[in-house]
Amino acid sequence: MDSKVAIIGADGQLGRALVARFGGAACGWSRQDCDLTDAQSIVARLDEAQPEVVINAAAYNQVDAAEDQIDLAWNVNARGPERLARACSERGIRLVHIGTDYVFGNGPAPIGGWKETDLPLPQGQYAASKLAGDLAVLRESSETQPALVVRTCGLYGAASPTGKRSFVNAILDRARTGQPLRVVHDQRCTPTHVEDLVEALVRLLPLRASGLIHFVNGGDCTWFEFAAEILRLAGIDRPIEPILSSDLKQKAARPVDSRLSTERFTALTGHSPRPWREALAQRLAADGVLAGSN
Ligand SMILES: NC(=O)c1ccc[n+]([C@@H]2O[C@H](COP(=O)([O-])OP(=O)(O)OC[C@H]3O[C@@H](n4cnc5c(N)ncnc54)[C@H](OP(=O)(O)O)[C@@H]3O)[C@@H](O)[C@H]2O)c1
């Protein structure tokens, strides 16, 4: 990848993995460097660095808090990408933006998963604001540098230096500290290793792919099945109670079935995402917690 790449949201889970993957070919901007709620800060960074490609890995991701912080969620997730897309378009910069499976709150997924052409039905402010961001990026995109929006699901990666935990780390921590494990068994999706998403973006960039593309690991599970596999692979024998989403009394509704079809990704790249279990085992091995790997 020869292009000069700028990564927004560089301190986040995906942002850190992108900065690590692109190394010296990228500049990583944290919220302090480039704030999506501040058009001036976006324009100043773009004009200073003059990147060829911008990857927006920043978002307001607190699904339940977004029900109370509606203005902030929409400012970051909808108007932020819109500002960024406009600024990129005016400068002939290609924009790659990241979307979420949460836009599909429509009930059971069609056979093979939700396609890019399926109509989303977001439930809650996080999902609705993210969908508005996807659409703004596609709308503001220039004809010469059409934007790419990659929707993904259930990201987990290396442990965060700030202590923010992924689902994988949260399950391991609770199991090791003897806390009860209760996990929903009525939401189906595909957990995705953040490094697999990074490699998917690396494949898509030289193809100059544009529009919407779904990328997740292969297969699917409920969050309960995901948690059970984390403990099995880590060799931890602890019971997990399967519960219903309604037991959690969360403010925002989650999709019951957000399996995404990766057919378009495979058609474009010739690559099939590896199964989620294989990706998870590699993450746990890298963290030194895969049973029998030490
Ligand atoms: N995590 C998942 O399971 C998941 C699933 C599907 C899709 N996605 C999407 O994947 C992308 C990456 O997610 P992630 O898991 O890497 O998220 P993350 O770890 O929460 O990182 C998001 C980053 O965005 C930054 N940010 C927040 N507000 C900002 C603003 N106004 N301006 C600039 N930066 C701002 C945050 O900075 P601070 O730390 O300073 O707040 C944080 O570093 C997001 O678009 C997300 O919606 C994630």
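The protein chain comes to 10 helices and 12 strands, where helices (H or I, at least four residues) and strands (E, at least two) are DSSP runs numbered from the N terminus. Keep in mind that this is a predicted model: local features need pLDDT of at least 70, side-chain atom pairs count only at pLDDT 80 or more, and totals for chains, interfaces and linings use all residues. Residues are numbered from 1 along each chain as its sequence is written, and side-chain values use heavy atoms, with hydrogens and water left out.

Let's start with the overall build. A compact globule of 294 residues would have a radius of gyration near 19 Å, and the protein chain agrees, with 19 Å; the radius is taken over C-alpha atoms, and the globule rule is 2.2 Å times the number of residues to the power 0.38. Along the principal axes, the C-alpha atoms fill a box of roughly 55 × 40 × 40 Å. Of the 294 residues, 51% are buried (under 20% relative accessible area, with exposed over 50% and partly exposed in between; 1.4 Å probe, protein chains only). If you look at contacts (heavy atoms within 4.5 Å) between residues at least 6 apart in sequence, 78% join residues at least 24 apart.

Now to the inside. The largest nonpolar core has 35 residues, and Val 168, Leu 172, Phe 226, Leu 280 and Leu 284 touch the most other members. Such a core is a set of buried Ala, Val, Leu, Ile, Met, Phe, Trp, Tyr and Cys residues joined through side-chain atoms within 4.5 Å. Two or more residues each come from α5 (167-176), β7 (182-184), α7 (223-234) and α10 (276-286), and α7 gives the largest share, eight residues. Leaving aside neighbours within four places in sequence, Leu 172 is in contact with Ile 230, Leu 231, Ala 234, Ile 236, Leu 284 and Val 289. Another core, of 29 residues, lies apart from this one, and Ile 8, Cys 34, Val 63 and Tyr 102 are among its members.

After α10 comes Gly 288, with a positive phi near 75°.

Finally, turn to Gly 12, in the loop between β1 (5-8) and α1 (13-22). Gly 12 counts as partly exposed because its relative accessibility is 27%. Gly 12 and Ala 58 are 46 residues apart in sequence, with 7.1 Å between their C-alpha atoms.
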